[in-house]
Amino acid sequence: MKPVLLAATLALLALTDKGAAHEFWIDPEDFMIDVGEGLSGQLRVGTEFVGSPMSYVPRRFETFVVLNGGDTVEVEGRIGDIPALAMEGLSDGLAVVVHQTGVSELEWSEWQRFLDFAIHKDLGDVTAMHEERGLSQEGVREDYIRYAKSLVAVGDGEGADARYGMRAELVALDNPYTDALDGTISMELWYDDELRPDYQVELFAEDAEGNVEITYHRTDADGIVHLPVQPGMIYMADSVFLEAVEPAEEGDAIWVTHWANMTFAVPG
């Protein structure tokens with residue numbers, strides 16, 4: 001991945017609605033490593049595949065594991081470590097990194113910003129949903145949870161992704177390191193234990209020069225999306241779900257967003 005640009009980092013920090021419309025992803029230093037080589041990677045939050053690194057802070061996540069060789073290994077570290085992911089001793093085959101954050105909260109400073117976000121992520125007619133619930137458009141409070149995965153080839157990279165069981169989750173049906181992809185990679189999109197048909201998946205594609213192209217796709221009737229891929233590229237797939245919640249008291253969130261994310265590379 002390209003290094004974080006200072007200007008982009010400062011812009012992120014300056015936003016009032018911190019992290020509001022930003023993806024969260026796992027960014028391995030290398031998507032293909034040798035057996036015996038350490039797996040290292042950043043947790044990032046940002047836009048257009050440019051993001052600030054997040055440190056290793058256990059109280060901020062619910063799950064941080066690597067699935068490899070039939071084992072589920074907890075990612076360990078010291079508080080404040082950057083990169084947040086550093087692991088040795090992985091077996092030959094596919095490694096699936098899984099990270100679920102805790103709950104974060106924000107207040108939208110302007111209704112139009114929340115509306116633009118909902119349109120961008122194709123979350124439905126939030127104006128109508130707001131009106132049906134008798135909610136004010138002032139000071140909209142949202143909680144959000146991120147569910148990120150990353151596919152890394154260790155040695156031969158053989159193996160398959162599988163559903164870990166997170167509330168929102170992308171599951172790769174193809175192995176980008178060993179399968180003949182024929183120009184596409186297929187993924188299931190899960191939410192609340194169901195495959196989600198006709199749902200938006202945003203795809204970020206980064207080339208070797210750091211240029212990023214963003215395209216939009218939809219799952220089919222079976223909840224499977226077929227994403228276009230090319231050799232020599234790094235990819236991130238992202239999909240967001242909106243849940244209505246009733247606040248227990250004034251100031252509580254009225255919406256929760258659940259973000260499913262997957263990063264992987266296609267060998268050149």
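Colleague: Where is the place of Asp193?

Modeller: Strands here are DSSP runs of E, at least two residues, numbered from the N terminus. Asp193 sits in the loop between strand E12 (184–191) and strand E13 (194–195).

Colleague: How should I read the numbering and the model?

Modeller: Residues are numbered from 1 along each chain as its sequence is written, and side-chain values use heavy atoms, with hydrogens and water left out. This is a predicted model: local features need pLDDT of at least 70, side-chain atom pairs count only at pLDDT 80 or more, and totals for chains, interfaces and linings use all residues.

Colleague: Is Asp193 buried or exposed?

Modeller: Buried means under 20% relative accessible area, exposed over 50%, and partly exposed in between (1.4 Å probe, protein chains only). Asp193 has a relative accessible area of 59%, so the residue is exposed.

Colleague: What is the phi of Asp193?

Modeller: Most residues other than glycine have a negative phi. Asp193 is not a glycine, yet its phi is positive, at about 65 degrees.

Colleague: What is the phi of Asp198, and where is its place?

Modeller: Asp198 counts as exposed, at 51% relative accessibility. Its phi is positive, near 50 degrees, in a residue other than glycine. Its place is the loop between E13 and strand E14 (200–206).

Colleague: What is the omega of the peptide bond from Ile82 to Pro83?

Modeller: Most peptide bonds are trans. Pro83 lies in the loop between strand E6 (71–74) and strand E7 (85–87). The bond from Ile82 to Pro83 is cis, with omega near 5 degrees.

Terms used:
Helices (H or I, at least four residues) and strands (E, at least two) are DSSP runs, numbered from the N terminus.
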